[in-house]
Every structure is written in C-alpha cells, then in structure tokens.
Amino acid sequence: MKPTKNEDALVDVIDVLLRDGVVLRADVIVSVAEIPLVGVKLTAVVAGMETMTDYGLFEEWDTTRRARAVERRQYGHRDRESLEREPSAEADE
Amino acid sequence: MTDGGRRDARAETPTFEEGRYVYCLVSLEGTDGTSLETEGVEGEPVRVVDAGDVGAVVHDCEEIYDSADLERIRRWLVRHQRVVDDAGDAFGTPLPFQFDTVFRGDDAAVHAWLERERETLEAALSSLAGHWEYRVEVVRTDPVDESTLVRADADLTDLRGRIEDAPEGAAFLLEKRYERRLDEVRARRRGDRADRLRDRLADHAREVHELERTRPQSVGELSAAADDGAETVCRLTLLAHEAAEAAIGGVLDEVAEEDGLEVRFTGPWPPYTFAPSFGEGATGRDGGPEPTTGTDAR
C-alpha cells in the first residue's frame, strides 16, 4: 500500500504541528543570543487560556510546560476536573 | 475560568513591530535560487531567507497568530503544513518548525541566527535528508471472537466453567473477574500485535515510535469522522528514508490482509516528531520521542 496524504490524513498531523517540530528553547534567547524569540503558544489556546495565565503567561512558558499542557489537553477526559477547560476549545465527545 | 482572566491573558500577548514567522528550514545545497511559490498563513507571501546552504522559509508578520476560534486556528495549521509541504517539494526534507514560531526582528535577525547555528542546522538537515515521517494506525474493525479468546486462555476457560457451576452471588463476582481477565487478554493480544509490527517496520525505518493508542482530541478533530467503535490496535510513527516507503507499504499490506484489521498509512510528512530542539540544555519533549539527530546545541 502507498501512504496517503489527503485532507483526512492531514487531520493526523494537525496536532503534531502544535506539539512537535523544531523547538527553540526559551533559554537560547537568554544565554546565546540577542535574537529574542517570540515563541508562541497557541497550544495554550487549545489547552485553555487559563493554563497560560497559570504559568505566568509567556515568560515562564518553556517547552516542557507546553508539552504538559498538551498532555493535559490530550488526556483531558481522564483528569477533567484538574483542568477547567474552555468549552469551545474541545471537540471531543 | 473567568472572562476577565482571558482578557488579561490576551492583553499580555507579546507584541513586536517586526517579526518573521518561520515555517521550516531547508537545505539550499545544490539548488538554484531560493524562490518558493506558495501562500502562507492568512495569505501572506512566503520567502526564503538564506545563509550559505541553509534557508529559512518565512513570512513577514507583525503579530502572533492567536485566536480562540478553533476553525480559524485549524485553517492556520493547515496552511502552515501546506507551506512546509511546498518547501519540501522544492528543497527536499525540511526541518519543520512548530506552528507559530516567530522571530522578533527582520531578515537580518533571522540571517544572523542561521549564521550562528549554521553548523548545527546543516548537520540536522543533512542527517534528515531524504527521510520523512510516516504514520501508521492499525484498527481492529472486527473484534476477536470471545470464544476464541476463552479457548486460548486457561484462566478464562477456568472462570467460564466456574461461573456456570456457581450460585448467583458468587457467579456475579466471578463474572467481574472474567471481564477483567478478558480485558487483559485483549490488551495483551493488542500489545503483541503492535510489537510484532514494530519489529518488522524497524527493519525498514530509521526509527519507530509507538504513539498513544487514542488519538488526541484537538482542533484537528473538528471535521474528523465520528469513531465507529472500532478498536485501535496501535498507532506508530516512523522516520524512514523515502526509498523504504514501498517496503513499509509491503509490510502493512500483510497486516491489512489479516481478518478484521484495517491499516491507515499516511505520509510522507515533514519529520515533525523527529525534529531536534535547539538551544542550551534542549532535550526531548515530554511525551514525545527524543530528538533523533543528536544535533542539539548544548
């Protein structure tokens, strides 16, 4: 069989775009460069904006936290009570 | 959460006057020119900023892509993916960036970063050259017959026999045990099937990772078909050379021939899951495989 790459298949990687791909660590800005990077956390929108607020918005938002947020979103059905979810941000059920 | 909290969060979204949204990095080695015909997120014109043999596929932006409108986010994500795809078609395997990565500054800032990280970036690009990410999902559409499972498992056979002979109360408890054991047996069979497939695919792939069996619910699912109750046996992601695609397809054909199994094979995708992290102390992300190229700048 040959791999497919149609619209349906794209659904498969949409999450990946939020979670994976080259990650530039926030510390690269501090320790290496004058190049400030605005690493944006759209994942947080999906996870619920409050998550972002919990983490002190963007300053402290490193990849680990981002990943955790995604994890929470991903497994939200298991520990729903631990995360007040934004109703419109969820498509499950 | 309160609306007030959300407004606060919005208000503190980072702002910048000039920025470059980065889709991916590409190798310009052996290519002539840096032109790329594609349309970016929100219809922005896409360009390639180059430094030697490394190019960054970017568009000019003045604000972050942030929205509470999921359908809009989904369109952005799809567009992001299309640009990375087009870049891959034009320049070979790209190093895809996470959605919404924005450099503060102008082309010179991007150029300076490329120059500084050049060695690392070139190594990462050349290591991934010709390799793509493929995704495999095996679904059992037709559950294994319960009687088959009972015959194959001594515990289940035993429990079944005891339930028939037991008084009502005891039978109820035994029934519970039986159900639990049945779940275990099914899970073990799934695991064994997944392990066998993994081993076989590993012969043709540079890396194989097992993903969570349940697909994460997200913006991507907005238009996805409803689950029909089929049982996912496993979900795998592979980093493989494009030349191995046919061999992988062959392995999957054999799986698809098994009764009650269906295989979904997608790709080739840019190696999102296998992209390295850059920056001091960068390591693999939680919940994902470690970066594969060993090119993290440490």
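A: Glu258(B) has a relative accessibility of 32% in this predicted model and therefore counts as partly exposed. Its side chain meets that of Arg193(B) in a salt bridge, with 2.6 Å from N to O. Arg193(B), by contrast, counts as buried, because its relative accessibility is 10%, and the cut-off for buried is under 20%. The two partners come from distant parts of the chain, 65 residues apart: Glu258(B) sits in the loop between α7 (245-257) and β9 of chain B, whereas Arg193(B) belongs to helix α6 of chain B.

Arg190(B) is buried, at a relative accessible area of 17%, while Glu231(B), at 24% relative accessibility, counts as partly exposed.

Helix α6, which spans residues 168-202 of chain B, lies across β6, β7, β8 (231-241) and β9 of chain B, and runs at about 15° to β8(B). The sheet itself is open and has four strands in the order β7-β8-β6-β9 (chain B), with antiparallel pairing. Since β7 (207-211) and β9 (261-269) of chain B stand at the edges, each has a single partner strand, so one side of each is left without a neighbour in the sheet. From one strand to the next, the twist averages 20°. For β9(B), seven bridges join it to strand β6 (residues 131-140) of chain B, the two running antiparallel, and Val139(B) stands opposite Glu262(B) in β9(B).

A further salt bridge of chain B joins the side chains of Arg47(B) and Asp60(B), at 2.5 Å from N to O. Its partners are 13 residues apart, Arg47(B) lying in strand β2 (residues 47-51) and Asp60(B) in strand β3 (residues 54-61) of chain B. Both are partly exposed, with a relative accessible area of 29% for Arg47(B) and a relative accessibility of 38% for Asp60(B). Salt bridges that share partners join Arg47(B) and Asp60(B) with Glu18(B), Arg20(B) and Asp107(B) into one network. Over all chains, the count comes to 20 salt bridges.

Methods: Residues numbered from 1 in each chain as written. Chains lettered and ligands numbered in written order. Predicted model: local features only at pLDDT ≥ 70, side-chain atom pairs only at ≥ 80, totals over all residues. Heavy atoms only, no water. Pairing = 2+ DSSP bridges. Axes fitted to C-alpha atoms, helices over the stretch in contact; angles between N-to-C directions. Contact = heavy atoms within 4.5 Å. Salt bridge = Lys/Arg side-chain N within 4 Å of Asp/Glu carboxyl O. Buried < 20%, exposed > 50% of the residue type's maximum accessible area, 1.4 Å probe, protein only.
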